[in-house]
Amino acid sequence: MKNIDSHSHVRGESIYLDDIPLVEGTLFACVFDSPIAHGKIKSIDTSEAEKCDGVVRVITAKDLIGENQIGGIVPDEPLLADGEVHFCGQPIAIVVATSEELARKAAKKITAEIEPLEVVTDPRVAAANSDLIVPPKTFVLGDTAAAFMDCEFVFEGRTEQNGQEHLYIETQGAYAVPMENGGLKVYSSTQGPTAVQRAVCRVTALPMHKVEVDVQRLGGGFGGKEDQANAWAAICAVATQLTKKPVKYALHRMEDMRMTGKRHPYSSDYKIGLDKNLKIVAYEATFYQNAGAACDLSPPVLERTLFHCTNSYYIPNVTATAYCCRTNLPPNTAFRGFGGPQGMFVIESAIAHAAEKFGVSASEIQRRNLIDDGDEFPYGQKAESEAITSWTQADEKYDLAALQKEADDFNANSKYFKKGVAVMPVCFGISFTKTPMNQARSLVHVYTDGSVAVSTGAVEMGQGVNTKIAQVAATVFGIDVADVKVHTTNTLRIANTSPTAASAAADLNGKATQLACDTIRNRLFEVAKELVEAASINDLSVRDGFVFRNDEKTSLTWASLVMEAHLQRVNLSEHAHYATPGIHFDWTNAKGHPFAYHVYGTAIVGVTVDCLRGRYEVDYVKCCHDFGTSMNTAVDLGQIEGGIVQGIGWMTMEEVVYDADGRLRSNALSTYKVPDIYSVPKEIDVLQLETSRNNLAIFNSKAVGEPPLMYGIGAYFAIRNAIKSFTDRSPGFDCPFTPEKVLLNLYPDES
Amino acid sequence: MLRFILNNEGIATDQPSGMTVLDFVRYHKNLKGTKIGCREGDCGACTVLVGELIDGMVRYRSMTSCLMPLANAAGKHIVTIEGINPTDGSLTPVQQAMVDESGTQCGFCTVGFVMSLTGFCLGTPTRSPVSSDQAISSIDGNICRCTGYKSIERAACRIGEQLPVNIAQYIPEYFSDIALRLQGLGSDDSRPETSNLRSLVGGGTDLYVQRHDQMSASDPTPLLYDDRLRSIRNTDEHIEIGGSATVTDLLESPVMHAIFPHLYKHLKLVSSTPIRNMATLAGNFVNASPIGDMTVWFLALDAEIELMPGTQAPSPASQPRTINLKDLYLGYKQLAKQPDEIISKVRFKKPASGFKFNFEKVCKRTYLDIATVNTAISLTYSPPYEGGVAAASADGVVLSYVHVAAGGVAPIPLYLKRTSEFLRGKEITEETIAAANEIIQAEISPISDVRGTEQYKRLLIRQLFRAHFVELFGT
């Protein structure tokens, strides 16, 4: 079944934030943001801006009625800079004017005198200065110190990983409308309506029940609108509170790129020890996370780096430590994978390093160390593993040895073009690692005409969560999906939501919807049991608009059953609550069972490098992916293809460039490149892993949002392998592999 | 008063002619299907179709409305998604293919893809046979961040396979009257008076990236659709191209194809379909970007340009003057021309036998990107021979005429004068190539910037210069 929004999408009739019809008298906001990365604010001059045409008000920190604070985990992020600025792009003042153009024009007239302070952009420098946002975290399994003493082969190295701009095609934005009694209705392009509600309440000093947040859909999120949507909503809310007028702010692309955080860059050290059978005996990793100037979601991102630091492998002795380093970049934030990809890149680098020294293919080491059922992850959870199965099924279908031979043969006969092949196994835990967040609610109404309305805490951003939720309701009731409407995500209907993140929205909100629909269906069937004289409600079902008794069609239609139940004063609405069972985690010893389940898979990635020019193409990504039992293969396949390409982008052309002064140089689409239609793999082939195990996923259909992104890491190692067949010098582990790095590695002597 | 047709509605507006079509359709006509993604022509979310009346027929091309001034809409048929949606709520075959192949996820970029593909279909009856590559190339200017493109690729292939079909399925009925209605608009009053105007705009593809706010409030003189400035002609000695010819005009020109057998492959490296549909040759030259693709291309042809005096010239009788293109560039964004002088013509000598041309460009992303380094070479050689550089060397093949240019290696698009002079009369050997590279390295002065370090650019120009010979003579 196709995404339920497809029809309105292709007709351009779907509504995004900037398409919402405006209330009369709406004003427009624009931010004046810091031109320097670190400094003391001596003075702010807004007088020229205030004189500009159409300007209604200029707002600075001192004007806020509530607290000047939007930091969710650590209160270290003022909405408007006060006293100091900590990154280029930090909002300092808000201009409110009668049109977008006038607001933008006036914002350019604001000046600030800022005394520069030292700018730190390197996380290792921040760590050396002990400038950490939270204390370091460590995961320990076994005893690495002792294990390394017994290791025959020990290799150490360092990796560098750059960030990644989300580049949702719809920029950030919000629209606040004043309601009676000082309340606010806020439309926001956010993955976290409750986070927006909290931030708005904090800066306006309003109680949560007076602030309604409504989200229709996002034009892409990818984690970038999880916490980073808060500021824009808070800005509109503050402006609305002070002007008593509706205020809208939809960011221009360059504002969005320079003011918002990105995927965290990491600098990391690894030490890997193996025995002569290529079994990894011990692994140590130290991660320096470049968190940016404020906490944002950096600590949980950091934690997920640790959770996934051994990827799909069982390693008996592991010590992994991570530092959350404060720098003068915009606060880095959630991005599909949420720190997991960064952890996986480092172990894959360590394996590639070891393989080179052994003179074997990295895939030999990978294969021999795959995690098996019952093996323990460094955080204490025992694996229910599909790692070996997915590897085996991928190898059986795609024949890794043949693909490698094909590349070798090609390389032997080609002067300037070289092929490289790499395997990328993936193991990704599903659940918010902060256990309390694993809860959701769903509100289901059956109307007297038989149509069904569902509201949940999930936000639709293209991933198809609303399609899956509609499928859940339709399946439970036995009606057509067209008879189910999933409504906007709204804090009045669904309160205290977790953000749509961690690949978990379909599971959590789908399960809540299932519970709500089950309850209503059972009430309806109690009514139907009498009407069609069934022995038990278990004998009843609904198909094709009719009630069936023991699989025999009755004359009772779904719609008349609903009406009859209403006349009998039966409740046709339900608000259900779901909390993932069985998960727990204890941070005092960093052990527990944090994940409902894991998603596994194995990808084989092949590339061709043009060694004359340093360009490259991805020939194929062939993967065996663990869907559980997919409830919507069209949606899931779309997530896999999209995730792979986004992962490849991160590993190849997407280069976030800050200069030493902390200014973003890759600040527009002309300087920051995401994959276009010609840079995607020529072939993406996806094999569905056959597995019948039960899991905690909705309808056994495993979460699919984040895991495929990490297949893209294989592209880095495939390019690296191709380079190694052109030159006998080994490239380091420094991603992304831009054409620049490729060429400089192909001709190291010229470098 | 600007007059044009927007979907099925005749428009007469006195909004500033510099306002973008994007802002006009979204905020003045409340047509919200056209999305804003980047406002610099790099994402394609705002793609619209622009129908131009040519010999009584309307030819439609995709363009990014964020870079298109209303001035360039004058006398045209502007089509947004609302203008192609079937009124009964159903889908066109293009829309249906996107749905069937799951080519839409968040939906924000989707309309842009639908418009580009629809434009491709409208242009198809004259274009046969249709390959899926062609269908895909029509969406080379559309960025999607969700799907990974494979589903869109499948949709494009399906659309390609269905063609050519009865085009009426792809567009509403009102399209059949558009030619007549455009004729009815006339051209006299649909274009603003030139006398009161200050700035000039061609395709707007750079001007609107650099000076959006300034341009939006202005009333620029449009040059894009000035027929006097668009032709591509084969004269006795020269190929002569109007300054307002677009990159697409070059791409579709039989005159150009006859000279440049790899025209398609090379011009495909230049921006994207909607931008090529708008960007003019003269615009690329006067923008003076050190990495202008077409500038580097024509520098390597040793082209000359004709400058026409502007409206503020001292005397209307002033004659056009001709200068060599390489003499146009004085320094970073400094031109040897008056601000209101217009590049009316571009000329290069008709190639002699033994002519070869190559264009190389490397950027972070191979397509739809700005060069880190680009370079072009034109040369003639004799005697004829077959085989690579080694064979040329053995046969004593001599270069008689060489022009090399490079971008991204200096403050201006650089004609490599000493390198070109050095190569003349030289045999094609490995030694010649190596020695020429030494000269190139001395001629250039690249700087480290967001597109690459100096060290990389020096290595890259060496490699791309070598690539010219690999391409032209084989390895």
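Two strands count as paired here if DSSP finds at least two bridges between them. Strands (E, at least two residues) and helices (H or I, at least four) are themselves DSSP runs, numbered from the N terminus. What you're looking at is a predicted model, where local features need pLDDT of at least 70, side-chain atom pairs count only at pLDDT 80 or more, and totals for chains, interfaces and linings use all residues. Residues are numbered from 1 along each chain as its sequence is written, while chains are lettered from A and ligands numbered from 1 in the order in which they are written.

**A strand with two partners**

Let's start with strand E10 of chain A, residues 184-188. Here is how E10(A) pairs up:

| Partner of E10(A) | Sense | Bridges |
|---|---|---|
| E9(A), residues 173-178 | antiparallel | 5 bridges |
| E11(A), residues 211-215 | parallel | 4 bridges |

Val186(A) shows up in both pairings: its bridge partner is Ala176(A) on one hand and Val213(A) of E11(A) on the other. The hairpin of E9(A) and E10(A) has 5 residues between the strands, and Asn181(A) there takes a positive phi near 60°.

A residue is buried if 20 or more other C-beta atoms (placed from the backbone) lie within 10 Å of its own, exposed if 12 or fewer, and partly exposed in between. In E10(A), 5 of the 5 residues are buried, so the strand is largely enclosed by the rest of the structure. In a regular strand, side chains alternate between the two faces of the sheet. Both faces of E10(A) are covered, with Leu184(A), Val186(A) and Ser188(A) on one side and Lys185(A) and Tyr187(A) on the other.

**A loop serine**

Further along chain A, Ser630(A) sits in the loop between strand E28 (615-625) and helix H17 (633-651). It has 18 C-beta neighbours inside 10 Å, so it counts as partly exposed. Setting aside neighbours within four places in sequence, Ser630(A) is in contact (C-beta atoms within 7 Å) with Asp636(A), Gln688(A) and Ser701(A). Its C-alpha atom is separated by 9.2 Å from that of Ala703(A), 73 residues apart along the chain.

**Two helices in chain B**

Over in chain B, helices H2 (residues 93-100) and H3 (residues 110-122) pack at an angle of about 130°, their axes 9 Å apart. The contact brings together Val94(B), Gln95(B) and Met98(B) of H2(B) with residues of H3(B) including Phe113(B), Val114(B) and Leu117(B). Axes are lines fitted to C-alpha atoms over the stretch in contact, and angles run from 0 to 180 degrees between N-to-C directions.

Key
Contact = placed C-beta atoms within 7 Å.
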